[in-house]
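Student: I would like to take a close look at a single part of this model. Please guide me through the sheet and the strands that build it.

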Amino acid sequence: MQLTHQDYDGLRVVRVDETRIDAACAIQFKDAMRALSDSGPARIILDMGRVEFLDSSGLGAVVATLKAIRHGQSLDLAALHPTVMRVFHLTRMDTVFTIHPDVTTAIEGIANAS
């Protein structure tokens with residue numbers, strides 16, 4: 001599971017550099033996200049723009065990441081592919097996560113909320 005990140009003032013953007021988050025890589029995703037959030041700032045944006053497929057294991061891994069973040073940290077999602085957004089909508093996880101149309105909007109929205 002390839003993830004890259006970039007830090008801004010009080011914010012970390014983590015980009016998923018894979019087209020799938022599924023049963024084959026869900027554990028690696030959770031482990032990598034845990035390492036990045038443990039050492040990260042208060043706000044994390046998960047850029048899923050390259051992810052075209054997300055199964056139930058992948059969704060579980062994203063939810064587990066949300067549950068694992070430190071108290072006071074937040075996790076927003078950005079740039080969900082329509083098929084991935086549909087999974088979040090059908091499972092009503094779109095009501096649990098803050099989902100932004102793209103990373104720029106997410107960064108601007110977080111900056112304006114501060």
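Student: Which residue in E4 stands opposite Val-13?

Tutor: Val-13 stands opposite Ile-45 in E4. Before the surroundings of this pair are described, please note that this is a predicted model, in which local features need pLDDT of at least 70 and side-chain atom pairs count only at pLDDT 80 or more, while totals for chains, interfaces and linings use all residues. Residues are numbered from 1 along each chain as its sequence is written, and side-chain values use heavy atoms, with hydrogens and water left out.

Helices (H or I, at least four residues) and strands (E, at least two) are DSSP runs, numbered from the N terminus. Two strands pair if DSSP finds at least two bridges between them. E2 and E4 are joined in the parallel sense by five bridges. Strand E2 covers residues 11-16, and strand E4 covers residues 43-47.

These strands belong to an open sheet of five strands, ordered E1-E2-E4-E6-E7, in which the pairing is mixed. At its edges lie strand E1 (3-8) and strand E7 (98-100), each of which pairs on one side only. On average, neighbouring strands of this sheet are turned by 25° against each other, direction ignored; axes are lines fitted to C-alpha atoms, for helices over the stretch in contact, and angles run from 0 to 180 degrees between N-to-C directions.

On one side of E2 is E1: the two strands run antiparallel and share six bridges. Here Tyr-8 stands opposite Leu-11 in E2. The hairpin of E1 and E2 has two residues between the strands, and Gly-10 takes a positive phi near 75° there.

E4 also pairs with strand E6 (residues 74-78), in the parallel sense and over five bridges. In this pairing, Arg-43 stands opposite Ser-74 in E6. Helix H1 (residues 26-38) packs on the sheet and touches E1, E2, E4 and E6, where contact means heavy atoms within 4.5 Å. The direction of H1 makes about 20° with that of E1.

How enclosed is E2? Five of its six residues are buried, so E2 is largely enclosed by the rest of the structure. Buried means under 20% relative accessible area, exposed over 50%, and partly exposed in between (1.4 Å probe, protein chains only).

Beyond E6, Ala-79 is found in the loop between E6 and helix H3 (82-90). Ala-79 has a positive phi of about 65° although it is not a glycine, and it counts as buried because its relative accessibility is 18%.
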